[in-house]
Amino acid sequence: MQNRRIEILMATYNGAPYIREQLDSILAQTDCRWRLTVSDDGSTDGTDAIVDAYVRQYPERMRRVHAGGRFGCARDHFFWLMRQCDADWMLFSDQDDVFYPRKVQALTEAMRAAEERLGAQTPLLVFSDQTVVDAQLRTISPSLMRYQRQYSAAFDYRSILLQNVVTGGAMAINRALAQWGAQCIRPQETIMHDWWLAAVAARFGHIVYLDEALGAYRQHESNSVGAKRVDSLGYVARMLRDPQRIRASIGCKKRQAGVFRDTFRERLTDGDRAFLQAFCASRSGARFYLRYRRQIHGMKRLAGFMLWG
């Protein structure tokens with residue numbers, strides 16, 4: 001582990017209200033063997049100036065990189081950052097969260113143990129639970145995984161393609177997974193970088209989950225994704241009032257599964273191809289989802305797939 005290079009990748013865009021707290025929390029880590037790389041996507045609220053001030057103060061710990069153009073979404077921004085990075089282990093940082101002091105240490109210790117057991121050539125992903133907090137860091141839920149009713153006992157790539165459980169700001173990956181993930185032939189048809197990397201790791205490598213909140217996942221009006229309490233009556237009512245939104249969400253998952261199938265076509269088994277072909281159909285049918293009901297988190301999600309997928 002002493003020889004492993006650890007890079008934290010942060011993509012920013014108009015994050016001035018919260019980014020100082022995140023940068024300070026990274027500087028306060030118990031494990032200080034990291035370097036932070038920040039890329040901005042054309043902020044207009046002073047985020048650049050804040051980051052530049054930190055880089056000047058901590059030049060040995062932080063650096064800025066410039067893509068030379070706009071990305072327009074976090075997915076493409078993080079894909080680009082990952083491809084620019086040559087570190088052994090990478091963590092991903094949102095601009096508005098807060099790392100708890102042991103986060104880097106806990107994730108990298110778990111990564112070290114996984115590489116010792118499975119080999120550094122194995123695509124590996126380690127992620128933790130998070131505390132769900134509001135804009136002022138007041139706790140909404142002590143566990144994002146439980147808040148969103150997500151399973152963590154085992155990780156099947158089919159289950160992940162149906163419903164992601166890995167949040168980018170809570171994960172670390174090794175170089176092998178970065179290289180596998182970068183093979184994506186149509187990243188613009190994936191949903192998010194974390195979702196894609198989780199599916200790749202689950203199918204071709206290994207995922208380690210730490211059942212401990214190692215950071216605060218801040219919820220505010222500008223969240224790109226955000227936490228969803230899917231068992232609440234309000235959430236269910238909103239979904240039922242807007243079935244087109246459910247269809248669109250399922251359609252995005254089908255397109256991403258198609259990219260997975262096409263990217264790794266030569267490495268898939270006949271069983272993989274059968275699952276992906278059926279899931280990528282415009283209508284997979286209730287029988288398909290009943291067959292894979294163990295891979296779907298909760299009866300409400302299963303019902304949504306059966307009705308609109």
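Residues are numbered from 1 along each chain as its sequence is written. In this predicted model, local features need pLDDT of at least 70, side-chain atom pairs count only at pLDDT 80 or more, and totals for chains, interfaces and linings use all residues, while side-chain values use heavy atoms, leaving out hydrogens and water.

**Exercise 1.** Work out how helix 1 and helix 2 are oriented to each other, and which residues make the contact.

*Step 1.* Find helix 1 at residues 19-27 and helix 2 at residues 47-57; helices are DSSP runs (H or I, at least four residues), numbered from the N terminus.

*Step 2.* Their axes come within 10 Å and cross at roughly 20°. Axes are lines fitted to C-alpha atoms over the stretch in contact, with angles from 0 to 180 degrees between N-to-C directions.

*Step 3.* Helix 1 brings I19, R20, L23, D24 and L27 to the contact, and helix 2 brings T47, I50, V51 and Y54; contact means heavy atoms within 4.5 Å.

**Exercise 2.** Do likewise for helix 3 and helix 8.

*Step 1.* Helix 3 spans residues 74-84 and helix 8 spans residues 193-204. Their axes come within 8 Å and cross at roughly 55°.

*Step 2.* Helix 3 and helix 8 are therefore oblique to each other.

*Step 3.* R75, F78, F79 and M82 of helix 3 meet H193, W196 and L197 of helix 8.

Terms used:
Helices (H or I, at least four residues) and strands (E, at least two) are DSSP runs, numbered from the N terminus. Angles under 35 degrees count as roughly parallel, over 145 as roughly antiparallel, 65 to 115 as roughly perpendicular and the rest as oblique.
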